[in-house]
Amino acid sequence: MQAPITVLVAAVGGQGGQLFSQWLFDAARLAGFFPVGVGLPGLSQREGATAYYLEFFAEPEATALFSPFPEKGQVQVLIGLELLELMRTVREGYLAPDGIILGSTHRVLTAEEKLLLKGGFLSAEQAVPVLHQVSRQCLVYDAVQAAALAGLSERAANAILFGTLAASGILPFPKEAFRRAIEHYGVAVAFNLRAFDFGTRYREWLLQLQMAKETTVNEWEALPEPSLPKPLVATMEALSADDEELGFILRHAARWLCHYQDARYFARYLDQVRLVYEQDRLLGKGLLVTKEVARILAVRMAYEDAAFVAQMKTARHRFVRLRQEHGLEEQTVYRVVDFFSPDWDELTGLLPFPKREAQEEVEEGLPSLPSQAEELRRPAFRLRVETSSLVGHLLLRGLLLFKPLRPYSRRFQKEWAAIREWLAAVREALREDYDLAFLIARSGELVRGYGRTRRKTLAGWRAFLTFLRRLKQQGLPTRTVVALGEEFLAKALSGPQGPECAWQFAREQLARRGE
């Protein structure tokens, strides 16, 4: 029977990927094909990757051959509504050798990518040559900038790409089928049709878009240089005297942590780095463990709490960036509305009162991960704040009154207990094996995010450390312990379900060895 047309749509939660795939489904049906598809909706935040797979058959009886999962090397058309998700799909090998790519090169940064200390982020300059190399035809541009060029908000990006898809001839559907699909689904029809029509004229404005200057403000450069006491400067210089890369990390950590809290907070950071450095330099291994600890510790200490969120949401450079991204003139009046959903721990985390933590549950020798049922039972609140209004702005700025109390807060006690546990494990491993110490240093970045994600990843890190200890107790060679730890770490960092996959891997490995 005739093979179907296979299409895979990759996006981020909240980008309209489901709407895009539904339009595509309806367009195929209106064009006389028999479409079948499946979707994996994500979350309305950066961690929630989404994927939609569709097959278009010429005959109705052939739909029985539909596969709910795309086959690697067999996807004919790959569509990405965000660059990183597009690249991830390419890396997984789904695109056919003669496949076609359509997508947007704009980025929705991960939490880690927003910090320079994490090593930068994937850019269009890095990705686009790869996309052209792996595809027969590649049509990519920044759909968010295109929306601004059309005088529309970034919500129009998916409809603009849909218009480009209709006009490009990539799929054998008449342009009218695409337009009728938007009308048929009935969501913001006038707005989406305007964006669609703009997208169909991509040949007229694509060159203009490519020549447009980048207007996004570099928020990192907007941070002021810290004024550090002379003893701290001397300590930094002593630590980085023989290693330029370590000096680079320490300088950026100083800038970030002083902005996050103050110079005393950075001094606390520097004390911990120095303890690792004094052990590491005696081993003559290039300070690899020290540099990894210095990089990750700066990120771990700048955890997201209510005061930090308020600080970032009300920063002046944020409003400058919003004006530039949306092409707003100085005299234009606009509104910024932020939505928050803090749980009870996040709301009370700034309070300067001690809190006794519950003992970790143990299952099959490993600390358990928090279950979804447990998380759903946690009280949470939904807040809508108009940050651009006087009342909303002052409400958020009021949270900054808690900033000086941060080192005495519940949240700080919990975070610092986990940091001390991690650093103690690194220093202990340095006395035993350098590769093991480097692995444990790297494992510090398992703990990330906020709220539910933070609790899950912290539990996952504790499971990682327990896993290593159990393997060592069984008398396995250190090389084997490190290899299994690397595999655990790779699984845990692989995506939203990574901690669960890594925990299951550790459980199976221990069970195989009779524990």
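This is a predicted model: local features need pLDDT of at least 70, side-chain atom pairs count only at pLDDT 80 or more; totals for chains, interfaces and linings use all residues.

Trainee: What makes Asp 197 and Arg 179 a salt bridge?

Mentor: The rule asks for a side-chain nitrogen of Lys or Arg within 4 Å of a carboxyl oxygen of Asp or Glu. For Asp 197 and Arg 179 the N to O distance is 2.2 Å, so the pair meets the 4 Å cut-off. Asp 197 belongs to helix 7 (residues 189-200) and Arg 179 to helix 6 (residues 175-185), so the bridge ties together parts that are 18 residues apart in sequence.

Trainee: Why is Asp 197 called partly exposed?

Mentor: Its relative accessibility is 24%, and partly exposed covers the range between under 20% (buried) and over 50% (exposed). Arg 179, at 22%, is partly exposed as well.

Trainee: How do you know that Glu 204 forms a salt bridge with Arg 201?

Mentor: The closest N and O atoms of Glu 204 and Arg 201 are 3.9 Å apart; the limit is 4 Å, so the pair counts. Glu 204 has a relative accessible area of 61% and is exposed, because exposed means over 50%. Arg 201, with 36%, is partly exposed.

Trainee: How many salt bridges does the rule give?

Mentor: The count comes to 25. Lys 72, Arg 91 and Glu 92 are linked in a network of such bridges.

Trainee: What makes Phe 33 and Phe 173 an aromatic pair, and a tilted one?

Mentor: The ring centres are 5.2 Å apart and the planes make an angle of 55 degrees. Phe 33 sits in the loop between helix 1 (17-30) and strand 2 (34-40), and Phe 173 in the loop between helix 5 (157-168) and helix 6, 140 residues apart. Phe 33 is buried at 18% relative accessible area, and Phe 173 is buried at 6%.

Trainee: Why is the pair of Phe 412 and Trp 416 called stacked?

Mentor: The angle between the planes is 10 degrees, with 5.8 Å from centre to centre. Stacked requires under 30 degrees, so the label holds. Phe 412 and Trp 416 are four residues apart in helix 18 (residues 410-430), about one helical turn. Both Phe 412 and Trp 416 are buried.

Trainee: Which residues do ring pairs link into a cluster?

Mentor: The cluster includes Phe 20, Trp 23, Phe 33, Phe 56 and Phe 173. The chain's total is 20 aromatic pairs.

Trainee: How do you know that the charged end of Arg 406 sits over the ring of Tyr 260?

Mentor: The distance to the ring centre is 3.8 Å, against a limit of 6 Å; the rule also asks for a position within 35 degrees of the ring normal. Arg 155 likewise lies over the face of Phe 191, 4.9 Å from the ring centre.

Trainee: What puts the buried residues of helix 22 on the same side?

Mentor: The buried residues of helix 22 include Gly 498, Trp 503, Phe 505 and Leu 510. Helix 22 has 15 residues and reaches 21 Å from its first C-alpha to its last, close to the 21 Å expected.

Trainee: Why does Met 87 count as buried?

Mentor: Met 87 has a relative accessible area of 15%, and the cut-off is under 20%, so it is buried. Met 87 lies in helix 2 (residues 83-91).

Terms used:
Residues are numbered from 1 along each chain as its sequence is written. Side-chain values use heavy atoms; hydrogens and water are left out. Helices (H or I, at least four residues) and strands (E, at least two) are DSSP runs, numbered from the N terminus. Buried means under 20% relative accessible area, exposed over 50%, partly exposed in between (1.4 Å probe, protein chains only). Rings of Phe, Tyr and Trp (its six-membered ring) pair if their centres lie within 6.5 Å; planes under 30 degrees apart count as stacked, over 60 as edge-to-face and the rest as tilted. The expected span of a helix is 1.5 Å times one less than its number of residues.
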